[in-house]
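Me: I have a structure open and would like to go through it with you. Could you begin with the strand pairing?

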Amino acid sequence: EGEHLERRLWHGWAGSTAPRTEFLRGRTEHDDEVIRFAHGENALLVEDLEDHPPPHFIDCRGRVYKSFVSVPVRAGSKSYGLLTADSDRAYALTGNHRGFLMLIAGVLGAGVAHVEAVTPKPDRKSTDEARGGAKQ
C-alpha cells in the first residue's frame, strides 16, 4: 500500500480514451505526485490543463480532456484511491464541481469502509486449507 495506484474502474464520455492503468512510486515525478495526492486530503481543480497545468504534469497538449477535478477517496486515515471528473473544454469545471466531487468521494469512501467493516474476513486456517496447506 502506498507504492502503487491501479485503475480498477473507469467510465468515460464519447470522446475520451481509457486513462492510465497504474502509477508506480519512483517511476516518474508525476507518478509520485499522483500517489501522494491519493493519500492526501486535498481536492485538485485544474481549469485549463494546456495553459495552466499542475507542475508535475508532462505532455499536457493533445490530451482529450482540457480540465479536471480529482479528489482522494478516503475514510478516516485509509485511502481507497481517486475519483476524477474531466471535460473536453477548458474552464468547464468550477469550484462547485470540486465541492460536489468531494461530497461524492466522501460518501464513496464511507461506503467502501462500511463494506470492509461488515464483510467477514476469512481466518488464516481456512485460507491455508483452501490453498491446500497443512491443517493444524
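Reply: Strand β4 (residues 67–75) is joined to β5 by nine bridges, and the two run antiparallel. Two strands count as paired if DSSP finds at least two bridges between them. Strands here are DSSP runs (E, at least two residues) and helices likewise (H or I, at least four residues), numbered from the N terminus.

Me: Before we continue, what kind of model is this?

Reply: This is a predicted model, in which local features need pLDDT of at least 70 and side-chain atom pairs count only at pLDDT 80 or more, while totals for chains, interfaces and linings use all residues. Residues are numbered from 1 along each chain as its sequence is written, and side-chain values use heavy atoms, with hydrogens and water left out.

Me: How many residues lie between β4 and β5 in the hairpin?

Reply: Two residues lie between these strands, and Gly 76 in the turn has a positive phi of about 60°.

Me: What is the strand order of the open sheet?

Reply: The order is β3-β4-β5, three strands with antiparallel pairing. β3 (44–46) and β5 each have a single partner strand and stand at the edges, so one side of each is left without a neighbour in the sheet. From one strand to the next, the twist averages 15°.

Me: And which helix packs on the sheet?

Reply: Helix α2 does, touching β3, β4 and β5, and its direction makes about 30° with that of β4. A contact means heavy atoms within 4.5 Å; axes are lines fitted to C-alpha atoms, for helices over the stretch in contact, and angles run from 0 to 180 degrees between N-to-C directions.

Me: What does the overall architecture look like?

Reply: The protein has three helices and five strands, and its elements run β-β-α-β-β-β-α-α from the N terminus on. Of contacts between residues at least 6 apart in sequence, 45% join residues at least 24 apart.

Me: How much of it is buried?

Reply: Of the 136 residues, 26% are buried, where buried means under 20% relative accessible area, exposed means over 50% and partly exposed lies in between (1.4 Å probe, protein chains only). The protein exposes about 9,300 Å², of which carbon and sulfur atoms supply 54%. Accessible areas come from the Shrake-Rupley method with a 1.4 Å probe, and for residues only the protein chains shown count as cover.

Me: Which residues form the nonpolar patch on the surface?

Reply: Phe 100, Leu 103, Ile 104 and Val 107 form it, with about 390 Å² of accessible area together. Patches are made of residues with over 30% relative accessible area and no salt bridge; nonpolar side chains (Val, Leu, Ile, Met, Phe, Trp, Tyr) are joined within 5 Å, like charges within 9 Å. Phe 100 lies in helix α2 (residues 95–118) and counts as exposed because its relative accessibility is 52%.

Me: Changing topic, how many salt bridges are there?

Reply: The count comes to eight, a salt bridge being a side-chain nitrogen of Lys or Arg within 4 Å of a carboxyl oxygen of Asp or Glu. One of them joins Arg 25 and Glu 3, with the closest N and O atoms 3.5 Å apart. Arg 25 lies in the loop between β2 (22–24) and α1 (29–38) and Glu 3 in the segment before β1 (4–6), so the pair ties together parts that are 22 residues apart in sequence.

Me: What does Arg 61 pair with?

Reply: Arg 61 forms a salt bridge with Glu 50, the closest N and O atoms being 3.5 Å apart. Both residues lie in the loop between β3 and β4, so this pair ties together parts that are 11 residues apart in sequence. Arg 61 also forms a salt bridge with Asp 51, where the closest N and O atoms are 3.5 Å apart. Salt bridges that share partners join Glu 50, Asp 51, Arg 61 and Lys 66 into one network.

Me: Are these side chains buried or exposed?

Reply: Arg 61 counts as exposed at 57% relative accessibility. Glu 50 is partly exposed at 25%, and Asp 51 is partly exposed at 48%.

Me: Finally, what is the phi of Tyr 91?

Reply: Tyr 91 has a positive phi of about 65°, although it is not a glycine. Most residues other than glycine have a negative phi. Tyr 91 lies in the loop between β5 (78–87) and α2 and is partly exposed, with a relative accessible area of 47%.
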